[in-house]
Amino acid sequence: MGRAARVWALIPVEELEQQPLFVEFDPLSLRAVAALMTRRDAPSGTVLLEQGQRSGGVFVVLSGQVNMIRTEDAGPAALLGTLGPGSLLGATAALDGAPRSASIVATQASVLAALPATAFMELMEGRSRVALRFQLAVVCSLFRDLRRGNRLLAATLVPGDPPPS
C-alpha cells in the first residue's frame with residue numbers, strides 16, 4: 001500500500017503535553033513516558049497497523065490524519081473512522097493479544113509517537129504513579145473508541161428493526 005514510516009528520534013515532552021491523552025500527566029510522568037517513545041514520520045498512504053497482524057506496539061497521533069479500515073473476505077473495505085491528533089492506535093490488540101481488527105493508514109502526512117509493545121505492557125502492568133496515570137489514559141481512550149463505535153452502529157440501524165445480536 002504505502003511506504004514504511006521512518007523512525008526519527010525520541011519524543012520531546014512538549015509534543016506529548018499538547019495531546020489530550022496526556023493532559024492529566026505531571027511533568028515528571030510525561031518525561032518518563034516520552035523517554036519510552038520514538039517519533040515517526042508517516043507520509044500519506046503509509047500503512048501503520050495492518051488488520052490481522054499481532055500487536056507490534058501502539059501509536060499516538062501527534063499531527064496529521066489516519067483512517068481505520070476493515071476488510072472482509074467478500075466485499076469492499078469499510079471505513080470505520082478517521083482519527084487525528086491525540087488518538088491512541090493499536091491499544092486493544094496490544095492488550096488482548098488478538099490480531100488487529102482493522103488497518104490504520106495515514107491519509108495525510110502524519111507524525112506519530114510509537115510505543116513498543118514491551119514498554120506498553122510494562123506501563124499497563126505497573127504500579128508506579130506514571131504507570132497508573134498511563135493506565136487511566138488508556139482506559140479513557142478505549143471508552144472514547146467504544147462510544148464512537150456505538151455511534152457508528154446506531155447510524156447503521158434502521159428505525160424499528162431489532163439491533164443485531
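Volumes are the space filled by probe spheres set on the points, which are joined across faces, edges and corners. The model is predicted: local features need pLDDT of at least 70 and side-chain atom pairs count only at pLDDT 80 or more, whereas totals for chains, interfaces and linings use all residues. Residues are numbered from 1 along each chain as its sequence is written, and side-chain values use heavy atoms, without hydrogens and water.

Of the 25 residues lining the largest pocket, Met68, Thr92, Ser101, Ala102 and Asp145 are the closest to its centre. Helix H5 contributes the most to this lining, with 7 residues; helices (H or I, at least four residues) and strands (E, at least two) are DSSP runs numbered from the N terminus. The lining of the largest pocket comprises 15 nonpolar, 5 polar and 5 charged residues. The second largest pocket holds about 170 Å³, and Arg133, Leu136 and Arg144 are among the residues that line it.

Four strands form an open antiparallel sheet in the order E3-E8-E5-E6, two strands being paired if DSSP finds at least two bridges between them. Strands E3 (47–49) and E6 (78–83) are the edge strands, each pairing on one side only. E5 (residues 66–70) pairs with E6 over 5 bridges, and Arg70 has Ala78 of E6 as its bridge partner.

Key. 1 Å grid on protein atoms, 1.4 Å probe; cavity = no way out; pocket = protein on both sides within 12 Å on 5 of 7 lines; lining within 4 Å. Nonpolar A, V, L, I, M, F, W, Y, C, P; charged D, E, K, R; others polar.
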